[in-house]
Amino acid sequence: MAVYTDIDDPSEYFQTKLYTGTNNELVLTFDGNSDIQPNMIWTKNRGRAANHVLSDTVRGIGKGIYPDTTGAEGDTNYISAIGSDGYTIVATDSVEINRDDDTFVSWNWKESATAGMDIVSYTGNATARTISHSLSAVPAWMIIKCRSESGHSWKVYHRSIGATKTLALQNNSTPDDDANYHGDTEPTSSVFTIGSNGDVNDNGETFIAYLFAEKQGFSKFGSYIGNGQADGTYVHLGFSPAWIMRKKTSGTENWTIHDNKRDTHNVTFKRLLANDNGAEYDSASNQVDLLSNGFKCRANNDGGNADDGQYIYMAFAEQPFVTSTGVPATAR
């Protein structure tokens, strides 16, 4: 029998949670089938301009860092506890996480070699070297950020553009070709390489790295070519996606995020941008269908489907196309 997935229940390792702020302490419980104690929480106010906030259990769950800026880590103390199936937000009127009556989305990952996710903290020394990780698999997607000093770019490695180039998560720029980020050296199943560039290895500064390896039926990190048509490019994933982020690499375009909770039916068009603090908006020019085995572009814009445009994507599953026991995914 063919093996379609390594993980039958993706909600054990990734979930999207929608909630409304209260200004009071807020205990969030996830909606999926499995308990998940999240190690990485990415939050965004949907209704107004506010920074993205990323928290994790390696740096300390009360420390926030902002994907849409080059700012340093801050002691936000927004999250007070991780529960057996969710987490607790403190009483605060912060527009970034709990403003009364504002709507929010949080994307939540569990750190696990089984699911291909590792969080690594290290200190820079301005000398090219390797850093160990615990994936026991080759990372396909890595995000690195200086924690201790502002002004450093978020550096993104993606296997589709290779270790000779990096992208910046906080802006819409094209890939930067600089051997001083990763030493033009691909990661391995035990280490990744950092060069002397200050964005990944400033002497004496502390850094955080989020690493993801591809897992069949749960996550996929690849690329595609746009066709410039409303009947756009189809991308096969091997699962029904719960979350997709896309970025054009052949031109300057935004990091676009879609998920299956903010849009519950096809086509999906509620868009948030990882590199921008703006509110969610309905984008008729950047629509996609989330299918049982992948996604399909449904617009002809530069952001997701320009003719001959080159794009990378990062995707996590709602359910595998077929479970290990032969149960097929259902359409939306």
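A disulfide is a pair of cysteine sulfur atoms within 2.5 Å. By this rule the structure, which is a predicted model, has 0 disulfides. Cys-146 is buried, at a relative accessible area of 0%. Cys-297 also counts as buried, with 1% relative accessibility.

The conventions are as follows. Local features require pLDDT of at least 70 and side-chain atom pairs count only at pLDDT 80 or more, whereas totals for chains, interfaces and linings use all residues. Residues are numbered from 1 along each chain as its sequence is written, and side-chain values use heavy atoms, with hydrogens and water left out.

The aromatic residues come next. A pair of aromatic rings is described by the distance of the centres and the angle of the planes. Here rings of Phe, Tyr and Trp (its six-membered ring) pair if their centres lie within 6.5 Å; planes under 30 degrees apart count as stacked, over 60 as edge-to-face and the rest as tilted. The structure contains 27 such pairs. In one of them, the ring centres of Trp-109 and Phe-316 are 5.6 Å apart and the planes stand at 75°, so the arrangement is edge-to-face. Trp-109 belongs to strand 7 (residues 103-109) and Phe-316 to strand 24 (residues 310-320), so this pair ties together parts that are 207 residues apart in sequence. Strands (E, at least two residues) are DSSP runs, numbered from the N terminus. Trp-109 and Phe-316 are both buried.

Phe-316 also forms an edge-to-face pair with Phe-221, at 5.7 Å centre to centre and 70° between the planes. Because Phe-221 lies in strand 16 (residues 219-225) and Phe-316 in strand 24, the pair ties together parts 95 residues apart in sequence. Phe-221 is buried, as is Phe-316. Ring pairs link these residues into a cluster whose members include Tyr-13, Trp-42, Trp-141 and Trp-243.

Two strands pair if DSSP finds at least two bridges between them. Strand 2 and strand 6 (residues 86-89) run antiparallel and are joined by 4 bridges. Leu-26 has Ile-89 of strand 6 as its bridge partner.

Definitions and conventions. Buried < 20%, exposed > 50% of the residue type's maximum accessible area, 1.4 Å probe, protein only.
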